[in-house]
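Me: I am new to this structure and would like to learn how to read its features one at a time. Could you take me through them slowly?

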Amino acid sequence: MGEITSFQLGVIGALFLSVASSVSIVICNKALMSNLGFPFATTLTSWHLMVTFCTLHAAQRFNLFENKPIDMKTVMLFGILNGVSIGLLNLSLGFNSIGFYQMTKLAIIPFTVLLETIFLKKQFSQNIKLSLFLLLVGVGIASITDLQLNLVGTILSLLAIATTCVGQILTNTIQKRLNVSSTQLLYQSAPFQAAILFVSGPLVDQLLTKQNVFAHKYSPIVLAFIILSCIISVSVNFSTFLVIGKTSPVTYQVLGHLKTCLVLAFGYTLLHDPFTDRNIIGILIAIFGMGLYSYFCTQENKKKQSDSLGSQMKEKDATPFLAVEKEGHEVKNSNKDSLV
């Protein structure tokens, strides 16, 4: 029971850290890009990952965690996939309307459920599916305003959905199957993610913004917000791997939509963004869906734990009988051997 309680506290801590750091970095980046005129999102992400790697490298040198070697091919492909998914999401945002981009983000949950059902044989109950449906409807009502379709944007969105789903499923699968922690996986994959975004980021940003990141004038306040964003990103990247490893890719996406609702609320409260009755209704429906999802997940986990404890008790009760039976066979065999 102590291990179960410790695990639950770990999950709650990971969820809180993820929400707090993600909302903080969204507010910081919104000020950096909207108010200070620094629109280079992909390049900024590459800096985030480089700072994250350097921070983890320093922590590893101070023995704050143990580095566990992982197959280089696995880590490289995993890191490149995650880097590509970030670039594709940014391109999707650039080539689509805000509404269609929000639809792209919403589509990640059903696609993740579909992939886990087909390839990992994972079962999702009707209650879980219902709660996810309510969540998606609520976030859709709150955040989707316009839908403008185009061929290039649609292709980029489909590629972004596919790579994001596969990347997040692998984040969970690698940690569990190779028995590595979120810190160990992030430490080894971050350089590859950073490298691919560092190379492609300036090109992607120039394509989307028609500006050169290296020709941008960096004022002291812009540099200060970039540094702050990079510092917060360490917590964001760490908590992302932690949450997916401790829960599931679907739960992480549900948490992501909670962040969306919080960002909308903070935007209205702190930045005085326009807010309508539709936003309020959508957020309430989304929060209700999240509450149902959390409740049903908790109930199913309790059932699994009770079933697991029950099977362990049965095995424990059966052990003495098996041991006696085995000893009896050994006695018979020894008698038979002695007679021969």
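Reply: Let us begin with a span whose end C-alpha atoms lie 30 Å apart, residues 38–59, which is 86% helix and 0% strand. Please keep in mind throughout that this is a predicted model.

Me: Which residues does UniProt list under "transmembrane region"?

Reply: The unreviewed UniProt entry lists several spans under that name, including residues 38–59, 75–93 and 185–201. For residues 185–201, the end C-alpha atoms are 23 Å apart, and the span is 100% helix and 0% strand.

Me: How should I read two helices that pack together, and at roughly what angle do the axes of helix 3 and helix 7 cross?

Reply: In general, two packed helices are described by the angle between their axes and by the distance between those axes. Here, the axes of helix 3 (residues 72–95) and helix 7 (residues 182–209) cross at roughly 30° and come within 8 Å of each other. Because angles under 35 degrees count as roughly parallel, helix 3 is roughly parallel to helix 7. The crossing of helix 3 and helix 7 is right-handed, and the residues of their contact divide into 16 nonpolar, nine polar and no charged.

Me: How many salt bridges are counted here, and which side chains meet in a salt bridge?

Reply: The general idea is that side chains of opposite charge can pair when their charged atoms come close. In this model the count comes to one salt bridge, in which the side chains of glutamate 116 and lysine 122 meet at 3.9 Å, taken from N to O.

Me: Is glutamate 116 buried or exposed?

Reply: Glutamate 116 has a relative accessible area of 3% and is therefore buried, since buried means under 20%.

Me: Where is lysine 210 placed, and what is its phi?

Reply: Lysine 210 sits in the loop between helix 7 and helix 8 (220–246). Phi of lysine 210 is also positive, near 60°, in a residue other than glycine, and lysine 210 counts as exposed at 66% relative accessibility.

Conventions:
Residues numbered from 1 in each chain as written. Predicted model: local features only at pLDDT ≥ 70, side-chain atom pairs only at ≥ 80, totals over all residues. Heavy atoms only, no water. Axes fitted to C-alpha atoms, helices over the stretch in contact; angles between N-to-C directions. Helix = DSSP H or I, 4+ residues; strand = E, 2+ residues; numbered from the N terminus. Parallel < 35°, antiparallel > 145°, perpendicular 65-115°, else oblique. Left-handed = near helix turned anticlockwise from the far one by under 90°. Nonpolar A, V, L, I, M, F, W, Y, C, P; charged D, E, K, R; others polar. Salt bridge = Lys/Arg side-chain N within 4 Å of Asp/Glu carboxyl O. Buried < 20%, exposed > 50% of the residue type's maximum accessible area, 1.4 Å probe, protein only. UniProt positions renumbered as here; feature names shortened; annotations may be inferred.
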